[in-house]
Amino acid sequence: AAAGATPDSDSDEDGGVPHAWDFGELIRHPSNLLRVVGGDIPGLTRPWLYFGMMFSAFCWHVEDHYLGSINYMHAGAPKTWYGAPTHAADTFERAVREIVPGIFKDAPDLLHRLVTLVPPAVLGEGHGVPVCQTLQRAGEFVVTWPRAYHAGFSHGWNVGEAVNFGTADWVPMGRAAVNDYQHGVGKRDSIFSHEKMILDTAKAFVRRYGYGDESSREDQSLRAPWIARMADALRAELEIIEKEQRAGRAVVMSKGVKEVAGKENEASKHENEDENCALCKAMPHLAVVHCARCFEIAEKIEFEQAVARARAEGRSAAGAAWALQGGSSSERLRRMGRYHRRRRRNRPVFCLGHALDGNCGHGVAELVMTTNASMDELERVLGALQK
């Protein structure tokens, strides 16, 4: 039971020390890149409980951002799992499109919706998809690897717990997921900024393990093997990010886009992390482009609407700005999701690749590029990770 302890508990029934398989502990493990993502994302940065009943099913899917997942059965009836290996993901997707072409035509993002059930025998015998099967009982774990499609059903009432993880081996798969979200048949929003996660992990990694510190280089041979793998993975991915950022920023600035440094206050950080490119669904946290004129107009309209609502409800118009962002800080956080959905509609932002593709009509002179990490910072972290 300790293996499925709640993530916020400081002790277990054995007395004071969190169990090594407590999912809350797994999230915080240094080899799990998701520990730097931040935010309270159920199932991704916080374990999620699942309650099953007879024949309740979970449809074919891969985890967000092609992450791995670990699932623990606390109690109850068994659960049957079906899985297709990572190398067969493309074959699986082609097969499902062939089996239900009409549905995919109307909903290209069908596989992102977790509503697709296809018999395993049909996938295997008719379309060459290798499908494995296992039975999970109480007290057992099931681990799914990055981009491994899986589905299943419960044999009766049960309680399970699951959470995602991302190790060094997952990093290239995470980039592939973002590319598929942007350019694939069924586009979808990113859940977190892949680039920001890599940069934040790299900075924390350099601080914790002394990379870039000459005085600690003599101890590198004593480091665990996973530390070297993590350094290699972060370095390779950060090199790609650095090149993309340098080239992209140079292009937009050559067209007349102004650059401003991002704000450091916590509210601004939270908002920046929650913005997706209006065209490709990427989350371009490191460099975000928007039309200053569009933002100004949207701010004015929202303020006027807030004042009108306040007056209609008999409240003071002086509190309209306060109410606009949710009132007190705690209330604001609770309503942040709804607030940001409104922001996306009224204040579109763009990644570097689509910075010049907006059709608001205000011209390049009104475009502003907000950078939340300078090129010098990227180079410093990359340099520290060099062997």
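A crossing of two helices is left-handed if the near helix is turned anticlockwise from the far one by less than a right angle, and right-handed if clockwise. The model described here is predicted: local features need pLDDT of at least 70, side-chain atom pairs count only at pLDDT 80 or more, and totals for chains, interfaces and linings use all residues. Residues are numbered from 1 along each chain as its sequence is written, and side-chain values use heavy atoms, with hydrogens and water left out.

Helices (DSSP runs of H or I, at least four residues) are numbered from the N terminus. Helix H7 spans residues 225-254. It has 30 residues and reaches 44 Å from its first C-alpha to its last. That is close to the 44 Å expected at 1.5 Å a residue (1.5 Å times one less than the number of residues). Gly 256 follows H7, with a positive phi near 105°.

H7 packs with helix H13 (residues 375-385) at an angle of about 160°. Their axes, lines fitted to C-alpha atoms over the stretch in contact, lie 10 Å apart. H7 and H13 are therefore roughly antiparallel (angle over 145 degrees, on a scale from 0 to 180 between N-to-C directions). Their crossing is left-handed. Contact (heavy atoms within 4.5 Å) involves residues including Leu 234, Leu 238 and Arg 249 of H7 and Met 375, Leu 378 and Leu 385 of H13. By class, this contact has 7 nonpolar, 1 polar and 6 charged residues (nonpolar: Ala, Val, Leu, Ile, Met, Phe, Trp, Tyr, Cys and Pro; charged: Asp, Glu, Lys and Arg; polar: the others, Gly among them).

Helices H2 (residues 89-99) and H4 (residues 120-127) pack at about 100°, with axes 11 Å apart. H2 and H4 are therefore roughly perpendicular (65 to 115 degrees). Among the contact residues are Phe 92 and Ile 99 of H2 and Leu 123 of H4.

The count of salt bridges comes to 13 (a side-chain nitrogen of Lys or Arg within 4 Å of a carboxyl oxygen of Asp or Glu). One pairs Asp 200 with Lys 196, the closest N and O atoms being 2.5 Å apart. Both residues lie in helix H6 (residues 194-209), 4 residues apart, about one turn of the helix.

Key:
Helix = DSSP H or I, 4+ residues; strand = E, 2+ residues; numbered from the N terminus. Parallel < 35°, antiparallel > 145°, perpendicular 65-115°, else oblique.
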